[in-house]
Amino acid sequence: MKNPGGTNHSDPVSEFILLGFTCTWAMQIFLFSLFSVMYVLTLIGNLCITCTVWWDQHLHTPMYILLANFSFLEMWYATSTVPSMLANFLSETKTISFYGCFLQFYFFFSMGTTETFFLSAMAFDRYLAICRPLHYPTVMTVQRCIRMGACCWVCGFSCFLFPVYLISQLPFCGPNTIDHFLCDPGPLMKLSCVPAPATKTICAIFNSVLIFSTFLFITSSYTLVIRAVLRVPSAEGRRKAFSTCGSHLAVVSLFYGSIMVMYVSPTAGNPAGIQKIVTLFYSVMTPLFNPLIYSLRNKEMKEALRKLCRSMLFGQRQLLKY
């Protein structure tokens, strides 16, 4: 017996169909163009921050080292989904192999998990800098910051191995159509041939613990930061402290707001279109806004970017002379 996706119910699924955004061909071309521009801007913006921190010796401090790692992560975070989504717009079959689907699932959610760890590390760094300024130089050394960053990468890519393994072991024998633009665990588990309540419960608990533990750590850190800032006697001191933390809080709000709607709140009854839009916020919009938020609200970063641009222009002029 054949299902609408064209897969025999008795045979294991070898590929999935990602429906993506179902609309007219003209709208598909428009969305392809729009997301292509957004993707290029995401890469350019985050690459500029990463290269600026690497190039400018004055930015070799824990705060900017963590920011450079975060920007580097954002480039790959967007790359894990956007290129396949763009190819899907122009594809007639819209298929992805079984292993390709689970690789995308693993890398996308591993990098999302790594992002929560980096946001937590950045919150801890700001807490130490503002609430423990005398201890900051000895506690948050560059070497310790590098070790902290490495720990974020390793833990982020280790955490999601178990959920991916659990879901990949489910029997998939049809249908094979995923009403999404990426391989999301929710739609994937719905395609299992047999009910998997234990796997769903484990994944729900894992997501909730991960999201809430890091979110509570970040909010606790910033609660202490705000209390400390409010005690600063000078208005200029308060303004500078809030300016430093404001950009981080903006990224945290955008990222955590969308993933909580998607993975913590009961989204099973929501239309697939709503889930796609919410996923776009944390998978595409956050990496795009990250360089704008951090560069436009940070004087040191803006000055370093200007120096880098002037240095590159000077180098090009020197090359043209020869």
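Ile-17 has Thr-95 of strand S2 as its bridge partner. The two strands involved, S1 (residues 15–18) and S2 (residues 95–97), run antiparallel and are joined by 3 bridges; two strands pair if DSSP finds at least two bridges between them. S1 also pairs with strand S3 (residues 177–178), here in the parallel sense, over 2 bridges.

Residues are numbered from 1 along each chain as its sequence is written, and side-chain values use heavy atoms, with hydrogens and water left out.

Now for the whole protein. There are 12 helices and 3 strands, taken as DSSP runs numbered from the N terminus (helices are H or I, at least four residues; strands are E, at least two). Of the 322 residues, 47% are buried, meaning under 20% relative accessible area with a 1.4 Å probe, protein chains only. Take the contacts (heavy atoms within 4.5 Å) between residues at least 6 apart in sequence: 80% of them join residues at least 24 apart.

How far can you trust the picture? The mean pLDDT, the predictor's confidence in each residue from 0 to 100, is 84, and 88% of residues reach 70 or more. Confidence is highest in helix H6 (residues 142–159), at a mean of 94, and lowest in helix H12 (residues 299–321), at 69. Over residues 1–8 the pLDDT is below 50, although this stretch has 18 contacts in the model beyond near neighbours in sequence. Where pLDDT is low, the predicted coordinates should not be read in detail.

Terms used:
Buried < 20%, exposed > 50% of the residue type's maximum accessible area, 1.4 Å probe, protein only.
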